[in-house]
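Subject: Structure handover

Hello,

Here is the structure for you to take over. Please open it alongside this email.

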Amino acid sequence: MQLELRHLQAVCRIAEAGSLGGAARRLGVSQPALSAQLRRIERVTGGELFVRGRNGVEPTALGHFVLAKARRVLSEMDALGAEAREIAPGAPLRLGCILLVLLDGLLEQTDLSMSGQEITVDLEDSVTALARMLGAGRYDAIVYGEVNEHEVPLPEGILARTLIPKEPFCIRLSAGHPLAHLDRIDLADLAGESWMTLVEDDDGGPEALVAACAEAGFVPSLRYRITDRKMHYDLIAAGRAVSLSQPTAPTAPGTVMRPLVGSPVTGRIRLAWNRSAVSAGQADLLCRAAVRAYLANVSNNRFHQEWWDAHPEAHPVLD
């Protein structure tokens, strides 16, 4: 038997998982099948690669040597695929996104910074679906959000970078709302309102809203879930609902946006990419384009511009 890439991947997954069972689940095979494969690999390499330790399996000295070589080979193969796609004529970069404020500006920024590179963009409602399609090869990169402490699980072979580490969600409500004259709104004062349910239901947003409302002493009435922006804004303008909003969102007739006391719900924006389809250079260009698109909207609302200026730790850091 000769070693193949799948054998090197199996060795790396075992080391990363720390157990054969965990590695088998990640690889989508049974544990007995993986154990048998490991024995065949060890016959080729000439000795045991792992021994059972107190906290699972641990690499032997030979295992560390094979792991170092395997990771280098797999990294080179990923780079080969990404760089070949970068120079291949007619190979578009497929980008998936959720509905973020920066999306409109992102299209313009990628046209400017990645001129000559065709980019297709699809919008999804589910962050989980985005991550799954990224892992399955439907997308080469995705831009998505996470709320409060929620972390979106990413498939194997995916790299990610946080673009905007923190932004405090605010409230959009009718300009005729009794609280509209306030500079800042206490969440507890919205206890009797009907709420727009967030479009993305798997980025931690709904749980964060419910938890923040519980801390404020009430259960929110989640009545509407509308993806059409104009209808969304029209319902709020009519006084029929309030909603959480990114602080960079644009103004809309008949509505106002106000920060929440204590910033109980915060978000972050991330970019993830398949390292076998997107080169380091392309990933860097995408990151910079997304950051520029975000920064173009910081001044949409005075209160967020003031918060942004006072919180340099929230500013993006790019290599």
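Below is what was found, from the whole chain down to single residues.

This is a predicted model: local features need pLDDT of at least 70, side-chain atom pairs count only at pLDDT 80 or more, and totals for chains, interfaces and linings use all residues. Residues are numbered from 1 along each chain as its sequence is written, and side-chain values use heavy atoms, with hydrogens and water left out.

Overall picture

The protein has ten helices and twelve strands. These are DSSP runs, numbered from the N terminus: helices are H or I with at least four residues, strands are E with at least two. Along the principal axes, the C-alpha atoms fill a box of roughly 75 × 50 × 35 Å. Of the 319 residues, 47% are buried. Buried means under 20% relative accessible area, exposed over 50%, and partly exposed in between (1.4 Å probe, protein chains only). Take the contacts (heavy atoms within 4.5 Å) between residues at least 6 apart in sequence: 74% of them join residues at least 24 apart.

H1 against H3

Helix H1 (residues 5–17) packs on helix H3 (residues 31–45) at about 115°, and their axes are 11 Å apart. That makes the pair roughly perpendicular. Axes here are lines fitted to C-alpha atoms, for helices over the stretch in contact, and angles run from 0 to 180 degrees between N-to-C directions. Angles of 65 to 115 degrees count as roughly perpendicular, under 35 as roughly parallel, over 145 as roughly antiparallel and the rest as oblique. From H1, Arg6, His7, Ala10, Val11 and Ile14 take part; from H3, Leu34, Gln37, Leu38 and Ile41. By class, that contact has six nonpolar, two polar and one charged residues. (Ala, Val, Leu, Ile, Met, Phe, Trp, Tyr, Cys and Pro count as nonpolar; Asp, Glu, Lys and Arg as charged; the others, Gly among them, as polar.)

Helix H6

H6 covers residues 127–136, and its buried residues are Val127, Ala129, Leu130, Ala131, Met133 and Leu134. They pack against strands E3 (93–97), E5 (141–147), E6 (158–168) and E12. Ser126 caps the N-terminal end of H6, with a side-chain oxygen 3.3 Å from the backbone nitrogen of Thr128. Just after the helix, Gly137 has a positive phi of about 90°.

Arg268

Arg268 sits in strand E12 (residues 266–274). Is Arg268 buried or exposed? Arg268 is buried, because its relative accessible area is 17%. Its side chain makes a polar contact with the side chain of Glu146 at 2.8 Å. A polar contact is a pair of N or O atoms within 3.5 Å; within protein, one must be able to donate a hydrogen and the other to accept it, and residues adjacent in sequence count only if both atoms are side-chain atoms. The Arg268 side chain also reaches the backbone oxygen of His150, at 2.5 Å. Leaving aside neighbours within four places in sequence, the residues in contact with Arg268 include Tyr144, Asn148, Ile164 and Lys166.

Two loop residues

Pro253 lies in the loop between strand E10 (243–245) and E11. Pro253 counts as exposed, at 75% relative accessibility. Its C-alpha atom is 11 Å from that of Arg172, 81 residues away along the chain. Ser263 is in the loop between strand E11 (255–259) and E12. Ser263 is partly exposed, at 26% relative accessible area. Ser263 and Ala141 are 122 residues apart in sequence and 30 Å apart in space, C-alpha to C-alpha.

Best wishes
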